[in-house]
Amino acid sequence: MSIQDAPLQDVAFQAPSRALGTAGAAEDSDARDARDARDADGLSVWPRSARSAADGDVSVGGVSLTETADLFGTPVYVLDEAEVRERCRTYRTAFPGADVVYAAKAFLSRAMVRWVREEGLGLDVCSAGELELAVAAGFPPERIVMHGNAKSPEDLSAALGLGVGRIVVDSDSEITRLAAVVPADGRQKVMVRVVPGIAAGGHAKVRTGTDDQKFGLSITDGSAEHAVARILDQPHLELVGLHCHIGSQIASVQPYVTAVRRVVALMARIRDQHGVALPQLDIGGGHAIAYRPGEESLNAGVLAGRVRAELEDGCARAGLPVPRLTLEPGRAIVGPAGVAVYRVLAVKRTGEHTFVAVDGGMSDNPRPALYGVRYAPRLVGRPSAVPPRLVTVVGRHCEAGDVLAEDVALPGDVHPGDLLAVPAAGAYHLSMASGYNLVGRPPVVAVSDGTARVLVRRESLDDMSRRDIGL
């Protein structure tokens, strides 16, 4: 039976194992040497297990990317399981006593649900679909937080029916709708998402801490306090804390510190007005990762120290008990663990520009078109001694804006049939992928200790055709 005919989720192959980076918080000399070699080889934003070979290939998790592309086809997302698990542990170590909740919107699959559960993290979801997949995969619903600025009746029904731990209220009207559907003998734990008036994030479209966007209830205009008062009057809603997510791809600790200061001040006013000391504070996620060498990422340990210090000092000044902290990293856990692999279909020189077209594009990674994200693709699978030149890597779709990487240096002899690998591709690729031009979404292949296995199979024409019932 051919690979194409086989059940892909059962396909696996073994490759020679290569040592992974140190999984603990401390870094020994061997790990430092490996890191230095990786940085010198241009692999600084790749998974820690990435290694280059003399033949131009790169392995991740001990698995050759060339062999992966040959076996599973391209485009393909490659996800390093050990890297995901190590990043989960890094957050748990940095934030002892806190609830670390993985943001499922970054990437969700049944295997990811299992990894997160086994590493002791909670989960945040934004829809009935994400929630039901997680629970079906064995995740305890009481460790799930549900988000959403416009939760549908189906979302709320699923959350209540499955028993999610906390629902984050995002609007005044949601209080009415939620209170109306909680069973008469039930009481749902909720948090209020507040907007602290902070502009932070890597792009205007992902800044959610300001008053001029769709999320949350403003501290400045009193909407947050009004919502708190309304919830406290609802016998079937239990207000357990405040939630604050200020944006995405934030590389500085200071915006989080400022947010904590402003939210603690609000908690003090709630205590003074209503006699309630809220026991929980959720500071959201949005922690930056590096997509290209030299870019900044947010250090979880530094964040933990500064946030904890501000929280304890602020509560001491206000005479408040220190609430239990929750945070929601998503991209920072799965983003650096992923690599997207494409095959070059065409090279076109037009005037002063060279375009390298690959067999994917904005249907499997819309982020460059949405946010102007810049990646660092690399030729893999063969060596090249030809000096690099600036090219623009474009996709196969019918849009001039279908650009994956603009003005990047690749060897001057790149040609059709070559493989290009794009690191830092674990977050918001498959979860934002579309059906544009009906090319089908790529598979996700997990790699670990020299073994590759399919987590999510490639979307086929048959998959897409079955939804079309118009004849």
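In the predicted model, Val 100 has Leu 327 of β14 as its bridge partner. This contact belongs to a parallel pairing: strand β6 and strand β14 (residues 324-327) are joined over two bridges. Strand β6 spans residues 99-103 and is mostly covered, with four of its five residues buried.

Strand β6 also pairs with strand β7 (residues 122-125). This pairing is parallel too and runs over three bridges. Here Val 101 has Gly 122 of β7 as its bridge partner. Between β6 and β7 the chain passes through helix α4 (residues 110-118).

In soluble globular proteins, nonpolar side chains tend to be buried together.

With residues up to four places away in sequence left out, Tyr 102 touches Phe 107, Met 112, Val 116, Leu 121, Gly 122, Leu 123, Asp 124, Pro 329, Gly 330, Ile 333 and Val 334. Among these contacts is Gly 122, the bridge partner of Val 101.

A separate description applies to strands β2, β3 and β4. These three strands form an open sheet in the order β2-β3-β4, with antiparallel pairing. Strands β2 (51-52) and β4 (63-64) stand at the edges; each has a single partner strand, so one side of each lacks a neighbour in the sheet. Strand β3 covers residues 58-60 and is joined to β2 by two bridges. In this antiparallel pair, Ser 52 stands opposite Val 58 of β3.

Helix α3 covers residues 81-94 and has 14 residues. From its first C-alpha to its last, α3 reaches 20 Å, close to the 20 Å expected at 1.5 Å a residue. At the start of α3, Asp 80 places a side-chain oxygen within 3.1 Å of the backbone nitrogen of Ala 82. The buried residues of the helix are Glu 81, Glu 83, Val 84, Arg 85, Glu 86, Arg 87, Cys 88 and Tyr 91.

Note on methods
Residues are numbered from 1 along each chain as its sequence is written. This is a predicted model: local features need pLDDT of at least 70, side-chain atom pairs count only at pLDDT 80 or more; totals for chains, interfaces and linings use all residues. Side-chain values use heavy atoms; hydrogens and water are left out. Two strands pair if DSSP finds at least two bridges between them. The expected span of a helix is 1.5 Å times one less than its number of residues. Buried means under 20% relative accessible area, exposed over 50%, partly exposed in between (1.4 Å probe, protein chains only). A polar contact is a pair of N or O atoms within 3.5 Å; within protein, one must be able to donate a hydrogen and the other to accept it, and residues adjacent in sequence count only if both atoms are side-chain atoms. Contact means heavy atoms within 4.5 Å. A crossover is right-handed if, with the strands pointing away from the viewer, the path from the first strand over the helix to the second runs clockwise.
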